[in-house]
Amino acid sequence: GANFKGFDEAAFLALAKGDEGYLFPDTYSFAPQVTPQAILASMRANFTTKAASLENEFTVSSHTKKDIITMASIIEREAANENEAAVISGILWKRIRLGIALQVDAPPYYLLGKTSAELTANDLATNSPYNTYVHKGLPPSPIGNPGLSSIEAALRPQDSAYLYYLHDAKGGVHYASTHEEHVAN
């Protein structure tokens, strides 16, 4: 909103809340007098256009479109690249299938506005439906707006022997099949 004089950022955020996950992250060009409604309409239309090629996969998936987009929004924050995205997608869907809490930092980060490194034990104990350490399954809605590669990863998870993953301080990913291996990582 800083580039648009008089732009009502609060109105934009209030209007966008219900569309989170379906506002495609992209580069947009708008006139200086653009309204929040016009920006949202453009971002929603772009999502529809970009996701159109995936409609058949949404239809045949065993997951709802909302669940796929919610998972994609987590993958968007959890994976550094497309190869990681597919493996992480496979791990997270497997954890849901096995009834294991996702235990990912992205939803608490979304809720509290903190980075993974800033999250405390108290933060991870917060009783929010977005806290995947406390509640099993997906959060109630997307935690951001995923790009196409994250949506594709949510639709096309890669099977692996892994049940855990973590990123080191340099951004490298470490996978593990057992909790003991995960703790060692």
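**Figure 1. Helix α8 and the elements that cover its buried residues.** The buried residues of α8 are covered by elements that include α2, α3 (55-60), α4 (65-78) and α5. In this predicted model, the residues of α8 that are buried are S150, I151, A153, A154 and L155.

**Figure 2. The packing of helix α5 against helix α8.** The axes of α5 and α8 lie 8 Å apart, and the two helices pack at an angle of about 40°. Because of this angle, α5 is described as oblique to α8, and α5 passes α8 in a right-handed crossing. On the side of α5 the contact is made by E82, A85, A86, S89 and W93, while α8 contributes S149, A153 and A154. Sorted by class, the residues of this contact between α5 and α8 are five nonpolar, two polar and one charged. Two of the residues named here for α8, A153 and A154, are also among the buried residues of that helix.

Figure 3. Residue E84 belongs to helix α5, which spans residues 82-97. Is E84 buried or exposed? Its relative accessibility is 7%, and because buried means under 20%, E84 counts as buried. Leaving aside residues up to four places away in sequence, E84 touches E78, A79, H167, G171, V173 and Y175.

**Figure 4. S128 in the loop between α7 and α8.** Residue S128 is found in the loop that runs between α7 (121-124) and α8 (148-155). With a relative accessibility of 8%, S128 counts as buried, even though the residue is part of a loop. What does the side chain of S128 reach? It extends to the backbone nitrogen of Y130, at 3.0 Å.

**Figure 5. The packing of helix α1 against helix α2.** Helix α1 (residues 9-16) and helix α2 (residues 36-51) pack with their axes 9 Å apart and at an angle of about 40°. This angle makes α1 oblique to α2, and α1 passes α2 in a right-handed crossing. The residues that make the contact are A11, F12, L15 and A16 of α1, together with P36, Q37, I39, L40 and M43 of α2. When these residues are sorted by class, the contact of α1 with α2 has eight nonpolar residues, one polar residue and no charged residues.

**Figure 6. The whole protein, as a setting for the close-up views.** The protein has nine helices and two strands, and from the N terminus on its elements follow the order α-α-α-α-α-α-α-α-β-β-α. Among the contacts in the protein with a separation of 6 or more, 62% are accounted for by residues 24 or more positions apart.

Definitions and conventions: Residues are numbered from 1 along each chain as its sequence is written. This is a predicted model: local features need pLDDT of at least 70, side-chain atom pairs count only at pLDDT 80 or more; totals for chains, interfaces and linings use all residues. Side-chain values use heavy atoms; hydrogens and water are left out. Helices (H or I, at least four residues) and strands (E, at least two) are DSSP runs, numbered from the N terminus. Buried means under 20% relative accessible area, exposed over 50%, partly exposed in between (1.4 Å probe, protein chains only). Contact means heavy atoms within 4.5 Å. A polar contact is a pair of N or O atoms within 3.5 Å; within protein, one must be able to donate a hydrogen and the other to accept it, and residues adjacent in sequence count only if both atoms are side-chain atoms. Axes are lines fitted to C-alpha atoms, for helices over the stretch in contact, and angles run from 0 to 180 degrees between N-to-C directions. Angles under 35 degrees count as roughly parallel, over 145 as roughly antiparallel, 65 to 115 as roughly perpendicular and the rest as oblique. A crossing is left-handed if the near helix is turned anticlockwise from the far one by less than a right angle, and right-handed if clockwise. Ala, Val, Leu, Ile, Met, Phe, Trp, Tyr, Cys and Pro count as nonpolar, Asp, Glu, Lys and Arg as charged, and the others, Gly among them, as polar.
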